[in-house]
Amino acid sequence: MFILAEDTQRTQGKDAQSSNIQAGKAVSEAVRTTLGPRGMDKMLVSDSGDVVITNDGATILEEMDIESPAAQMIVEVAQSQEEEVGDGTTTASVLAGELLAEAESLLEDDVHPTTIVEGYHEARALSQEAIDQMVMDAELTTDRLESVAESSMTGKGTGDIEADDLAETVVASVEQVTGDDGVDRDAITVRTQTGASSSATELIQGTVLEEEPAHDAMPRDLSDASIAVLDLDLEVREANIDAEYDITSVDQLEAAVEAEEGELRGYADSLHEAGVDVAFVTGDIEDRVASYLAKHDILAYESVGDSDAGALASATGARTVGSLTDLEAADFGAADRVRVEKFGEDELTFTEGGAASEAVTVFARGGTEHVADELERALNDALDVVTAALDAGGVVPGAGATEIAIADHIRGSSAAIGGRKQLAVEAYADALDVIPRTLAGNTGMDPIDALVDLRSRHDSEGVAGIVAHGQTGEIADPHEEGVLDPAAVKREAVESATEAATMIVRIDDVIASD
Ligand code: ADP
Ligand code: MG
């Protein structure tokens, strides 16, 4: 009896498992060479010819046009990793692929999928225990946080700026928005602008607006500015325009024009009388109003986006007002300085030293669009990891040291498990070796020798990783070398990789309708 439509494709049992596993492995294989400081970049070209050059796992997988549903699950691993902690996307996908490869051999040895899933879940719990033990006791000083930022950025195409300079900017910005309630990550914005090399990247104490003044004759640099954020249009009201139709004589026309002019001048006058120096307006500003404002030496912007207007209001302490009639001094914000600067074709407005919030902007520069974009991704990752280190449970040694320690902990506990499940638990430990092995390979070391050396150094010293140094790597203590990752990144990588791998292993029937 046929219960499915004729064009339905169905794969069952071992075939289904095997093709899903292959697809998942292939995806993780694709990002493997980008792992770590000596990882390579990928160039992704879309149908329309757009090019993205990146080292970022989540970006690569997002740009790749992946169709297989099992492969799509690995893409989701990277996405959830990116959403939860902002870094570790390559680690999580590579780990998921290796868990699938290990599962494949277990299936060949007739270990039941359910047993694999149970074993993997047990190993995942052991992994979290091991991560807890690896969390560094020492205080998270500025220096250590800079190490965390740096270890997330090395290997990214950040142009001519060194990761340690960027790390300083990243940590300085996070420290500025850290209060009793932790890090206010949303108060940090990354803005990119081409036209200068990335070493010109700087931290702005305030916001950067991508808008030009409404009139050329407006001032371009103001100190101790009083700021209004206006949610309205500064133009002739509709009613007056309709009135024009009733005009029958020249006198009436002149009177109407006069009235209109008066209304427009009135807008500028009332802002001037209220003491406004800078007005950010979400609606339109009619040219004549702009010119009256310029005569009053008021700097004004039109069509300011809602999110920019919101950020400016919260940074300067201004209250957004919807009408000029109820304008009061209490509605105004303040900033130490508002200045307009020209960057090639673009004009940007810097509002610095706002009275209310600690909002900061990392103003990232790049020689080309590609460099600026990759720098922006690297900066956002670094901001996320520093935030995760401060807000979500400290740091662990990087460079594969934590993965080796987790594997060691799992192997040490697996003897007590027994039965076939023990095989799955041990396979999980073997899968974790993929991280140091891949780091070693990408660093130009022999992956097998490096892993053997790493294990023995781990046994004798407790903490050891594959630390990249210039063109090569060496086995060393990542604490001493300043290679630190947030514990939250490792925790999430273990969770999301296990989740995806076990989900794929459990499937034994793929029913696809066309
Ligand atoms: P992910 O997308 O997983 O963050 P990355 O390419 O950023 O991938 O690589 C992260 C890995 O590189 C982490 O395991 C981190 O500890 C390691 N790493 C960072 N800096 C160094 C270094 N100097 N030497 C060795 N490993 C490093
Ligand atoms: Mg990273």
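Ala, Val, Leu, Ile, Met, Phe, Trp, Tyr, Cys and Pro count as nonpolar, Asp, Glu, Lys and Arg as charged, and the others, Gly among them, as polar. By this scheme, the residues of the shell around ligand 1 comprise eight nonpolar, ten polar and four charged.

The structure is a predicted model, in which local features need pLDDT of at least 70 and side-chain atom pairs count only at pLDDT 80 or more, while totals for chains, interfaces and linings use all residues. Residues are numbered from 1 along each chain as its sequence is written, chains are lettered from A and ligands numbered from 1 in the order in which they are written, and side-chain values use heavy atoms, with hydrogens and water left out.

We begin with the ligand. A residue is near a molecule if one of its heavy atoms lies within 4 Å of it. There are 22 residues around ligand 1, and T90, T91, A399, A468 and D485 come nearest. Helices (H or I, at least four residues) and strands (E, at least two) are DSSP runs, numbered from the N terminus. Both α4 (89-108) and β17 (465-469) supply at least two residues each to the shell around ligand 1.

Polar contacts, which are pairs of N or O atoms within 3.5 Å, can also be described for this ligand. A polar side-chain atom of T91 lies 2.5 Å from an oxygen atom of ligand 1. The backbone takes part as well: a backbone N or O atom of G36 is 2.9 Å from an oxygen atom of the ligand, and a polar backbone atom of G88 is 3.1 Å from an oxygen atom of ligand 1. On its own, ligand 1 has 580 Å² of accessible area, of which the protein covers 95%; such areas come from the Shrake-Rupley method with a 1.4 Å probe.

The next topic is empty space. Rolling a probe the size of a water molecule over the atoms shows where empty space is left. On a 1 Å grid over the protein atoms alone, a cavity is a set of points where a 1.4 Å probe fits but cannot get out, and a pocket is an open set with protein on both sides within 12 Å along at least five of seven lines; lining residues have an atom within 4 Å of a point. A volume is the space filled by probe spheres set on the points, which are joined across faces, edges and corners.

Where does ligand 1 sit? Ligand 1 sits in the largest pocket, which means that more than half of its atoms lie within 2 Å of the grid points of that pocket. The space in the largest pocket is about 810 Å³. Its lining has 40 residues, with G36, P37, S151, T154 and V483 nearest the centre. The largest share of this lining, six residues, comes from α6.

The second largest pocket has a volume of about 330 Å³. It is lined by 24 residues, of which D186, A187, T189, S357 and A359 lie nearest its centre. Here α11 gives the largest share, five residues.

Finally, the whole structure contains one cavity of 30 Å³ or more. The volume of the largest cavity is about 50 Å³, and its lining residues are T91, L95, E403, I406, L432, K490, A493 and V494. Of these, five are nonpolar, one is polar and two are charged. The largest share of the lining, three residues, comes from α18. T91, which lines this cavity, is also one of the residues that come nearest to ligand 1.

Key
A polar contact is a pair of N or O atoms within 3.5 Å; within protein, one must be able to donate a hydrogen and the other to accept it, and residues adjacent in sequence count only if both atoms are side-chain atoms.
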